[in-house]
Amino acid sequence: MKRLSVLLLTLWPALVSAGPLADLLHASLDHPRAAARAGDVAAAGADLKAAKARYYGQGSLLAGLSRFEHPRVVGAYTPGDPAPPDVSRDIARAGVIYSLPIDVFGVVAKARERAEGNLQAARLIETQDRLARMHQIAAAWFRLQALVRQAEALGKLKASVTAFRDRLIKEVALGKTARVSLRLAESEYQRVLADEAQLAVGVDTALAELDEASGQRRRPAEATIAQPAWRVAALAETLPVKLAATRASSARARADESRRGLRPQLSLNGSWFDQHGGGADNAIWEAGVQLAVPLTPSAWHQSDAEAARARVADDERRATERETAKQLTSLKAAYDSARATAVALESESAYRTEVVTVEREKTRLGAQTLENLLRTERDLLDAEYRLASSRAQAAYAWSAAQVLAGTPETEYIEILDPK
């Protein structure tokens, strides 16, 4: 089964008409985790609306029916009123109370600022998640393209080794060649089969990654790996740094909200109730200003905890800046190294192709040993393998940098698959 997979891999350019990489990248947007991150953004948006709604205060509709041991005044008793008050043991009461905050110390403003920061963080995480999944797809696609190139090179070696092996079997049977030469050819043939099995494993692994990220198993129709030009991203504009800065800002707002919540709270209060009992129907209302001074020891300690979390978030922001700068530098070095290696291996591959042609002719004329020829062909295969891997590594480093830079998805797709 594995050999069949490698055979199909070798014949991809001729047999497969796969869709473009863009189809897989677009399909990643339907991943369940993409829906989950969108849900996080929606929830953060609802939190922001709730924080803004605090400016409108809060109220309650109340209704109740009570029976007292002794008659009570229905409504409110006004001293000096010559009329006797209405009384009853059974009193029904319905009304509304409302309290409107006066945000003197900016508690509500800081709550809104915190919610805005959380919403921005949720959006950044959503973008980061989508780009990371696209990077996963692109990386698997690059590996598949490299495997196509490697399978083509291995197919040529297998054809050559198989031809020598078949010829030597006949010559050994006729007594024209020593059996040790056949054993050498057979050993190389088994080595080629082992290489095929390894390629098959690589193909299956890459296809499984594509299936997980996009829900599709597609194979590239060609082995040409995209080599986009490196794009420099400002450190402050990278996704990890922006996310860490947003979280730090939100943590500071939460700490300020908690600290300002310890100050006196001013509000406008009002209520209206209609009371029934003993045949009477009396309505009462009130309006006033309330000043409340919090005296909650636990809130003081909670404020200290929020301030400590804000300091932690700021330290995390500075640490993220350093980490991201290191990652960008490392990816740029990997990209440059892979590109330089690919250029060198292109020349080496062309050179070794010519050498193999000469060595085959010398072997045919009896001027070269089979062992030296097989070693030369193995060197060519190694150069082709490393060339394909270097191109895939360069593309991988570029793609990983785009995740850090927060490149827009449409732009990312267009660069990799401009068709």
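**Notebook: a buried leucine, a cavity and a pocket**

Leu-147 counts as buried, at 10% relative accessibility (buried is under 20% relative accessible area, exposed over 50%, partly exposed in between, with a 1.4 Å probe and protein chains only). I note that the model is predicted: local features need pLDDT of at least 70, side-chain atom pairs count only at pLDDT 80 or more, and totals for chains, interfaces and linings use all residues. Residues are numbered from 1 along each chain as its sequence is written, and side-chain values use heavy atoms, with hydrogens and water left out.

**Entry 1: helix 5**

I placed Leu-147 in helix 5 (helices are DSSP runs of H or I with at least four residues, strands are runs of E with at least two, and both are numbered from the N terminus). Gln-145 is buried, with a relative accessible area of 5%. From Gln-145 to Ala-234 I read 31 Å, C-alpha to C-alpha, for 89 residues in sequence.

**Entry 2: helix 5 against helix 9**

How do helix 5 and helix 9 pack? Their angle is about 175 degrees and their axes are 8 Å apart, helix 9 being residues 370-405. Axes here are lines fitted to C-alpha atoms, for helices over the stretch in contact, and angles run from 0 to 180 degrees between N-to-C directions. Helix 5 is therefore roughly antiparallel to helix 9 (under 35 degrees is roughly parallel, over 145 roughly antiparallel, 65 to 115 roughly perpendicular and the rest oblique). I sorted the residues of this contact by class and got 24 nonpolar, 6 polar and 5 charged. In this sorting Ala, Val, Leu, Ile, Met, Phe, Trp, Tyr, Cys and Pro are nonpolar, Asp, Glu, Lys and Arg are charged, and the others, Gly among them, are polar.

**Entry 3: the cavity**

I searched the whole structure and found 1 cavity of 30 Å³ or more. On a 1 Å grid over the protein atoms alone, a cavity is a set of points where a 1.4 Å probe fits but cannot get out; a pocket is an open set with protein on both sides within 12 Å along at least five of seven lines; lining residues have an atom within 4 Å of a point. Which residues line the largest cavity? They are Gln-145, Ala-146, Arg-149, Ala-223, Ile-225, Ala-388 and Arg-391. Helix 5 and helix 9 each supply at least two of the lining residues, and helix 5 has the largest share, 3 residues. By class I have 4 nonpolar, 1 polar and 2 charged.

**Entry 4: the pocket**

I turned to the largest pocket, which is lined by 23 residues; Arg-54, Pro-101, Val-107, Val-108 and Gln-265 lie nearest its centre. Among the elements that give two or more residues to this lining are strand 2 (87-102), helix 5 (107-173) and helix 8 (297-364). The lining divides into 9 nonpolar, 9 polar and 5 charged residues.

**Entry 5: the whole chain**

I listed 10 helices and 4 strands in the protein. Along its principal axes the C-alpha trace spans about 140 × 40 × 40 Å. Buried residues make up 37% of the 419 residues.

How values were computed
Grid points are joined across faces, edges and corners, and a volume is the space filled by probe spheres set on the points.
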